[in-house]
Amino acid sequence: IFSEFGSVLKIIIFTKNNQFQALLQYADPMHAYYAKIGLDGQSIYTACCTLHIDFSKLTSLKIKYNNEKSRDFTRLDLPSGDGHQPLEPRIPAAFGEKFSLFLMSSNAINTLPGLPVPAPPGALGSFPVSIPAASAATGQMAAPGATGVPGNSVLLVTNLNPEAITPDGLFILFGVYGDVHRVKIMFKKKENALVQMADAAQAQLAITYLNGQRLYGRILRATLSKHQTVQLPHEGQDDYGLTKDYSNSPLHRFKKPGSKNFQNIFPPSATLHLSNIPPSVTVDDLKNLFASTGSTVKAFKFFQKDYKMALIQLGSVEEAVHALIALHDHDLGENHHLRISFSKIYN
């Protein structure tokens with residue numbers, strides 16, 4: 001389950017206060033962050049084995065033995081210890097109703113204190129995991145929402161409005177939750193598209209927040225694709241602008257390590273966070289700009305200490321999604337391009 005979000009280095013399981021718990025160490029702190037966003041509160045089985053996930057104060061696990069209590073996946077040479085047989089992956093019977101787990105990374109997840117991690121907006125629900133004999137033998141389990149290749153970074157997006165959707169629109173929307181490298185709208189079935197994210201963790205994050213979201217009058221569906229890359233058109237082949245490469249786009253939000261954008265990932269909401277506003281732009285200017293997209297502006301306020309940023313509340317979540325697609329990177333003059341993201345203020 002947790003390998004879907006990044007490289008898992010070490011795991012220790014134990015019982016404390018009659019509750020089954022575990023410590024899990026990732027190779028990268030952001031993978032731990034994505035795993036917490038995607039899995040906290042989710043159930044491994046329907047209404048059973050509900051995960052409760054927090055960040056650990058520890059920065060690294062010290063493991064002496066590879067057995068049913070602990071495992072260092074970087075040290076397969078470790079002894080089993082205490083006469084235990086080498087670990088055969090299995091589901092512990094002690095999972096019970098709830099399972100507490102504490103995440104860390106080798107790069108110290110605590111370098112990101114106080115991350116505002118929202119609960120998933122319900123797009124996943126619980127993800128029943130059936131484990132046939134072959135899977136049980138290898139310890140592999142399905143990830144939430146995964147219908148394609150596990151660990152894949154390519155999404156299949158369906159039920160789109162072919163009259164309104166464009167590659168640029170999908171790039172902007174999915175770019176809120178990860179760096180989009182390529183987009184392909186299917187030529188023969190324009191209700192469907194492929195979106196290639198920078199990595200599997202970002203793909204899973206996009207599924208968590210965008211699957212089930214209304215977009216141009218339809219309910220968007222996002223799952224993992226069976227394709228592992230989006231192929232660009234051959235030289236001389238005209239695909240009518242339906243495939244675009246964004247690998248080197250300056251609009252990627254997450255290419256800079258430690259960017260504040262990692263700390264401000266929220267589900268789609270009717271309230272948008274605006275930034276990079278030049279001093280000459282007024283409240284009325286911004287209200288009129290958003291009204292021009294067909295949005296109803298219900299409330300607006302500048303940040304008191306920084307008039308470069310503001311919050312704007314629109315008539316619905318769908319209106320906000322449309323406005324973000326239409327106006328993110330809009331030229332406001334004075335070499336300022338508007339930056340838009342969903343706000344943690346949901347109403």
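1. A salt bridge is a side-chain nitrogen of Lys or Arg within 4 Å of a carboxyl oxygen of Asp or Glu. The model discussed here is predicted.

2. Asp 329 counts as partly exposed, because its relative accessibility is 25%. Arg 339 also falls in the partly exposed class, with a relative accessibility of 30%.

3. How many salt bridges does a search of the whole structure find? The search finds 6. Among them is the bridge between the side chains of Arg 75 and Asp 77, with 2.8 Å from N to O. Arg 75 is partly exposed at 37% relative accessibility, whereas Asp 77, with a relative accessible area of 56%, is exposed.

4. A further salt bridge joins Asp 40 to Lys 36, and the closest N and O atoms of this pair are 3.5 Å apart. Is Lys 36 buried or exposed? Lys 36 has a relative accessible area of 9%, so this residue is buried; the cut-off for that class is under 20%. Asp 40 has a relative accessible area of 22% and is therefore partly exposed.

5. Lys 36 is one of the buried residues of helix H1. Why is helix H1 described as largely enclosed by the rest of the structure? The description applies because 10 of the 11 residues of this helix (residues 29-39) are buried. Including Lys 36, the buried set contains Pro 29, Met 30, Tyr 33, Tyr 34, Ile 37 and Leu 39. After H1 comes Gly 41, which has a positive phi, near 90 degrees.

6. Some totals place these details in the context of the chain. The chain contains 6 helices and 19 strands. Of its 347 residues, 46% count as buried.

7. Among contacts with a separation of 6 or more, 70% are accounted for by residues 24 or more positions apart.

Key
Residues numbered from 1 in each chain as written. Predicted model: local features only at pLDDT ≥ 70, side-chain atom pairs only at ≥ 80, totals over all residues. Heavy atoms only, no water. Buried < 20%, exposed > 50% of the residue type's maximum accessible area, 1.4 Å probe, protein only. Helix = DSSP H or I, 4+ residues; strand = E, 2+ residues; numbered from the N terminus. Contact = heavy atoms within 4.5 Å.
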